[in-house]
Amino acid sequence: MSQLSRLISILTLLRSKRLLTASELSSKFDVSVRTIYRDIRKLEEAGVPVITIEGKGYSLMEGYTVAPVQFTEKQANALITAQHLVNQTNDLSFATDFKDAMTKIKSVFRTSVQEKSELLSSKIFVFDSNYENISSNALSEIQIAITNFNYVEISYKKINDEQVSFRKIEPYAFYSTQHKWILIAWCHLRNDYRAFRIDRVQNFKILTETFKDRKFNLQDYFQSCSYDDK
């Protein structure tokens, strides 16, 4: 679970009027007590009035509520349309995470907006004449590695090559073309930036070890070279 998801879950639990201890939260989210302390500080820095009761736990200040989010019909339609496009990415992790996010978002739609968005969804079709049925399940995890500067180990199979190579990479950026996600990363095998199709990553492992940011710029990369499956 990402830190943002955990913070939202902790806030939800606190809003249920429960008195929660750091140990309880640590066990529930399978993180250290120290991590929970940092999460509570993050909520406080964001303006959430968390009350610490010595020896008992945490609670929210009486009367605190989170303002409801309202979506216009156009905004709801944009999200519904985006969901249809996301389903064409062929990455199971990304599509699943987006679907889960949409379930939460739809829960705050007004009834009239919800009904119209469901009607629109049934009237949207996305066709692709160049469809290639190769799927992946790594996008969401590697996105987390990018923002946390974690090394990633991958087993990679190039186009028209039966051999699988092992790479240790520093992931920096993604772009999408023809419904395929391309990862730009510093490859320690080639000692240079390389482009990898996510659907050709056979296996991957996110390492706890972090790397120093090389200040990669995607626009500069595009100007210097074109995509080549390395």
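**Sheet architecture and helix packing in the predicted model**

Strand β5, spanning residues 180-187, pairs with β6 in the antiparallel sense, and six bridges join the two. Within this pairing, Leu183 has Phe196 of β6 as its bridge partner. The structure described here is a predicted model.

The β5-β6 pair belongs to an open sheet of five strands. The strand order is β6-β5-β4-β3-β7, and the pairing is antiparallel. The edges are formed by β6 (192-197) and β7 (201-210), each of which pairs on one side only. From one strand to the next, the twist averages 45 degrees. In general, the strands of a sheet pair through backbone hydrogen bonds, in either a parallel or an antiparallel arrangement.

Strand β3 has pairings with both β7 and β4. The β3-β7 pairing is antiparallel and runs over six bridges. Lys157 has Val164 of β4 as its bridge partner. Strands β3 and β4 form a hairpin with six residues between the strands. In this hairpin, Asn160 adopts a positive phi near 60 degrees.

Helix α7 (residues 139-148) lies across β3 (150-157), β4 (164-177), β5 and β7. Its direction makes an angle of about 90 degrees with β4.

A helix pair was examined next. Two packed helices are described by the angle between their axes and the distance between the axes. Helix α1 (residues 3-15) packs against helix α2 (residues 22-29) at an angle of about 130 degrees. Their axes are 12 Å apart. The two helices, α1 and α2, are therefore oblique to each other. The crossing of α1 past α2 is right-handed. On the α1 side, Arg6, Ser9, Ile10 and Leu13 make the contact. Leu25, Lys28 and Phe29 contribute from α2. By class, the contact of α1 with α2 comprises four nonpolar, one polar and two charged residues.

The protein chain contains eight helices and seven strands. Its C-alpha trace spans about 60 × 45 × 30 Å along the principal axes. Of the 230 residues in the protein chain, 37% are buried. Among contacts in the protein chain with a separation of 6 or more, 60% link residues 24 or more positions apart.

Terms used. Residues are numbered from 1 along each chain as its sequence is written. This is a predicted model: local features need pLDDT of at least 70, side-chain atom pairs count only at pLDDT 80 or more; totals for chains, interfaces and linings use all residues. Side-chain values use heavy atoms; hydrogens and water are left out. Two strands pair if DSSP finds at least two bridges between them. Helices (H or I, at least four residues) and strands (E, at least two) are DSSP runs, numbered from the N terminus. Axes are lines fitted to C-alpha atoms, for helices over the stretch in contact, and angles run from 0 to 180 degrees between N-to-C directions. Contact means heavy atoms within 4.5 Å. Angles under 35 degrees count as roughly parallel, over 145 as roughly antiparallel, 65 to 115 as roughly perpendicular and the rest as oblique. A crossing is left-handed if the near helix is turned anticlockwise from the far one by less than a right angle, and right-handed if clockwise. Ala, Val, Leu, Ile, Met, Phe, Trp, Tyr, Cys and Pro count as nonpolar, Asp, Glu, Lys and Arg as charged, and the others, Gly among them, as polar. Buried means under 20% relative accessible area, exposed over 50%, partly exposed in between (1.4 Å probe, protein chains only).
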